[in-house]
Every structure is written in structure tokens, then in C-alpha cells.
Amino acid sequence: MEETSGLVPISTRLKRIAGLARQLREQPLTTLAHHIDLEWLREAHRRTRKDGAMGVDGQSADDYAAHLEDNLRSLLERAKSGTYRAPPVRRVHIPKGSGSETRPIGIPTFEDKVLQRAVAMVLEAVYEEEFLDCSYGFRPGRSAQQALDELHREATRMAGGWVIEIDIRKYFDSIDHERLGEVLCRRIRDGAILRLIGKWLNAGVLENGSLKYPDAGSPQGGVVSPILANVLLHEVFDVWFAREVRPRMRGQAHLMRYADDAVMLFEYEEDARRVMAVLPKRFSKYGLTLHPDKTWLLPFKRPDRMTRRRDADEGPYKPATFDFLGFTIHWGKSLAGKWAVKTRTASDRFQRALRGTSQWCKAHRHEPLERQQYVLNLKLRGHYGYYGRPGNRARLWTLLHWATRVWWRWLHRRSQRGLSWAAMNRLLKRYPLLKPTAVRIV
């Protein structure tokens, strides 16, 4: 019986798709598009962000909602008949870390976001039955904090080891459409779903008035892009590591991946070197390239467990530090004097937070103090919420200190009379900035 009448709750239908995926785990699924009906599109619309930037058509979420039912019926008819044409994405560039490097972001039209969300809901129900526990990015109920927790637990339990830090060069821009299609077809054989995905991958990019049609890539910013990126790396990396790499290792081996950001932890150096040697070939098989200057093998054994190098004249190994998900991972002493795996805000992320706070204070220094305090506390609360991990309290207090100084600096400059520190301290009693009192415990 076809379940597209809208009488069956969306959550129930998602569970049934997941159940079908479990039941036919080794077989491709051929009938999925019929689940996308008017009720499904209403739910997709509800889940779509309404405050995002506008696409090439200039239509806002409010504009689309003004005639929502008519717009959704038209969208459904075009999607079902195959006449839907995916509009180009509007490309913008946002700063990436420190320096002048930027990250390209593709902005679809609002209607395209709704349809992409509808298809992503179907793909998610299927692939959540496939994805492995080592994958944390863009998945329901999973987060970067959980990936960091897992790394902390395994590194502590093993007393460290050898780490391979992975950096895929321009991953989202390098996704090979043909290879992605081959991977998708192993589980998805519904022609309507695959045609829509193909249209999005080939829709083109509008940048500075110029329309281009890249033969690779899935634009960051697209609603369906994260699940497609996960599907490819699940095959390229996760399954390969679980089925072929880990069983061949002499000691323990662990993978933690959040989207295209990943680290591997090995008990023995020889295991890590064997994997490091074959990684480039594995990724190149799928049209992907590892960044040669950012993919490296690092010693990360607990300091009291470090052995001497093979050449005794070189002295003992020293545990390195490495960055993962915005944190620098390192060994340090606990309050009890024992070695512990610790995290601190990575330097580039810390500098970005300081820069962003200063720029905002400069641009809004003439606004009412209540408004400035409110926004600054929002920024601080968001930073504390993500970076408030064990061992990172000092960085949080440093950020608060510098945010206070930056706020004072721009308030001081907004009038010729200036603002003394005594006056600033009185102001802070009336408009206090949020303190980092709560820190997560792993």
C-alpha cells in the first residue's frame, strides 16, 4: 500500500524507510521517491532554515511562505514529472582561519533548499542504517563534541600512540560526480531521486555575474551536500578502515571522522606507517587528494611512556600536538599531577574569535549599551558552549579578558572625552559580560 496520503506521520514513514533499508541491507532500494508527497514537502519546509541568504532568484523565505501551499504543489508536480530545473547556486566566499584564505559557499534558492531537504530526509533514513560509529559529522544525534570525547577516551585508555591527521584538499569542491553516482547506486536505484541529485550536482555556480558548470564538487551550503559528502567518505574511508585496515593491524587502531576532518590513532608506529603509505592511493582511487603539507604522522604517546628513537643520538621521542575540530590536542598534567589528554582552542580559531569580536565592537560602538552587551554575551555564550572542554578554561578566560578590553577600546573611541577604566568597571557592573563558569566534563 502506498503511504503518500499524508495520513501516516512523517516520523513513522521515516522509520519504515529505515526498516526497509535494514531488511534489504545488501540490496539497492528502487522505490523511494513516492514517499515525497505534499505532506513530506511541508515537513521539509518546516525543517528548512528561514534566515539564510537568498539564492539567485532573490526570493526570501517569507516571500515563498506567502503562497506556501501553491508553491509546494507546483514544486511537487515539477519534481514528480521530471520538469524541475535546479537553479544555479550563488557562490560567496567567507574567511577561512587566519590569513587571506577563504572558503567558497554555495547558496541555493529557497525552493531548492526545500526540495533538497525533502530528498536529504529520504537519504538520511537509508544511510543512517549504513554509517559506522566512527562518523560524527552532519548526522542526527551526533556532534563534534562526541568525536572529541571518543578521541579523548581512546587516547587516554591507550596511553596515546601514533596519530595520522587527515586533510583532504578542497574536499567538497573535489567530489567526483561519476564516482559519487557509482557509490549511491549501490544502495539507491530510484531514478527520480538520482535524477534530482544529478541536477543539483550539475546546476552550475553563479559568481560575480559569471555562470560556470564545474565537472566536480558539491557546493558547501547546499542542504543535500553534507549527506552526499558523508556517503562518499563512508565508502572511501570508513568502510575501508573497518574492513581492510583495522583487521590487519598488530595493535589497536581507531578512526574519528567529522565530515572531511579526521584523525586515526594507532597503538604501534609500524601500523601507522603502513597505513600512511597507502592513504594517498586509496583516496586518489576516488578522485580525492590528501594535502601533502597537512596530512602527517605524529607521535602522541603519553610522555612517561615515550621510548628512545632508533638512533640513540636523536634522544627520546617527544609527544606532538595536533589540531582536530578547532582544538589543539596535547598532553598535560592534571591537578592531581597525572598525565592527561587535554584540549585547548586552536590558535587560528582563537584569533578568529578575537578578530570577529573586535570588528563587531568597532562597527557597532554607537549602538545602545544594552544592545552591545546582549550581542557580545551571545558571542561569548556560543564560544563557551563549543570550546568549554576540560583543560581549556584558561583560553576561555583569556577570551573574556580580551573581549572586555576590545569593548572598552571602541567605547573609549566613540567620543572625544574617552572612557576611563574606572568608568568601564562601573559600566561592567551594570552591563556585565558572561563568564565561562560552566565547562563540559568528558
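Me: How do strands S6 and S7 pair, parallel or antiparallel, and over how many bridges?
Reply: In this predicted model, strand S6 (residues 253-258) pairs with S7 in the antiparallel sense, and the pairing extends over six bridges. One of the facing positions is Ala 253, which stands opposite Phe 266 in S7.

Me: And what sits between S6 and S7?
Reply: The two strands form a hairpin with two residues between them, and in that turn Ala 259 has a positive phi of about 55°. As background, most residues other than glycine have a negative phi.

Me: Which strand is joined to S7 besides that, and by how many bridges?
Reply: Strand S3 (residues 162-167) is joined to S7 by six bridges, and S3 and S7 run antiparallel. Within that pairing, the bridge partner of Trp 162 is Phe 266 in S7, and Phe 266 is also the residue that Ala 253 stands opposite.

Me: Is S7 largely enclosed or open, then, and why?
Reply: Strand S7 (residues 261-266) is largely enclosed by the rest of the structure, because five of its six residues are buried.

Me: Switching to helices: where is the kink in H10?
Reply: Helix H10 (residues 225-245) has a kink of about 50°, and the kink is centred on His 234.

Me: Which residues does Phe 131 contact, leaving aside its close sequence neighbours?
Reply: Once the neighbours within four places in sequence are left aside, Phe 131 is in contact with Arg 139, Ile 227, Asn 230, Val 231 and His 234, and His 234 is the residue on which the H10 kink is centred. Phe 131 itself lies in the loop between H5 and H6.

Me: Buried or exposed, that Phe 131?
Reply: Phe 131 counts as buried, because its relative accessibility is 7%, below the 20% cut-off for that class. In terms of distance, Phe 131 and Val 239 are 108 residues apart in sequence and 8.7 Å apart in space, C-alpha to C-alpha.

Me: What about Phe 138, where is it found?
Reply: Phe 138 is found in the loop between helix H5 (110-127) and helix H6 (144-157), and its phi is near 55°, a positive value in a residue other than glycine. With 43% relative accessibility, Phe 138 counts as partly exposed.

Me: And Asn 208, what is its phi?
Reply: Asn 208 has a positive phi of about 55° although it is not a glycine. The residue is found in the loop between strand S4 (205-207) and strand S5 (210-212), and with a relative accessible area of 78% it is exposed.

Me: Back to helices: at what angle do H1 and H2 pack?
Reply: Helix H1 (residues 10-23) and helix H2 (residues 38-47) pack at an angle of about 100°, with their axes 11 Å apart, and H1 and H2 are therefore roughly perpendicular to each other. The residues that meet are Ile 10, Arg 13, Leu 14 and Ile 17 in H1 and Glu 39, Trp 40, Glu 43 and Arg 47 in H2. By class, this contact has four nonpolar, no polar and four charged residues.

Me: Last one, how many helices and strands are in the protein?
Reply: The protein has 15 helices and 11 strands, and of its 442 residues, 48% count as buried. Among the contacts with a separation of 6 or more, 71% are accounted for by residues 24 or more positions apart.

Notes:
Residues numbered from 1 in each chain as written. Predicted model: local features only at pLDDT ≥ 70, side-chain atom pairs only at ≥ 80, totals over all residues. Heavy atoms only, no water. Buried < 20%, exposed > 50% of the residue type's maximum accessible area, 1.4 Å probe, protein only. Helix = DSSP H or I, 4+ residues; strand = E, 2+ residues; numbered from the N terminus. Pairing = 2+ DSSP bridges. Axes fitted to C-alpha atoms, helices over the stretch in contact; angles between N-to-C directions. Parallel < 35°, antiparallel > 145°, perpendicular 65-115°, else oblique. Contact = heavy atoms within 4.5 Å. Nonpolar A, V, L, I, M, F, W, Y, C, P; charged D, E, K, R; others polar. Bend = angle between axes of the 7 residues up to and from the residue.
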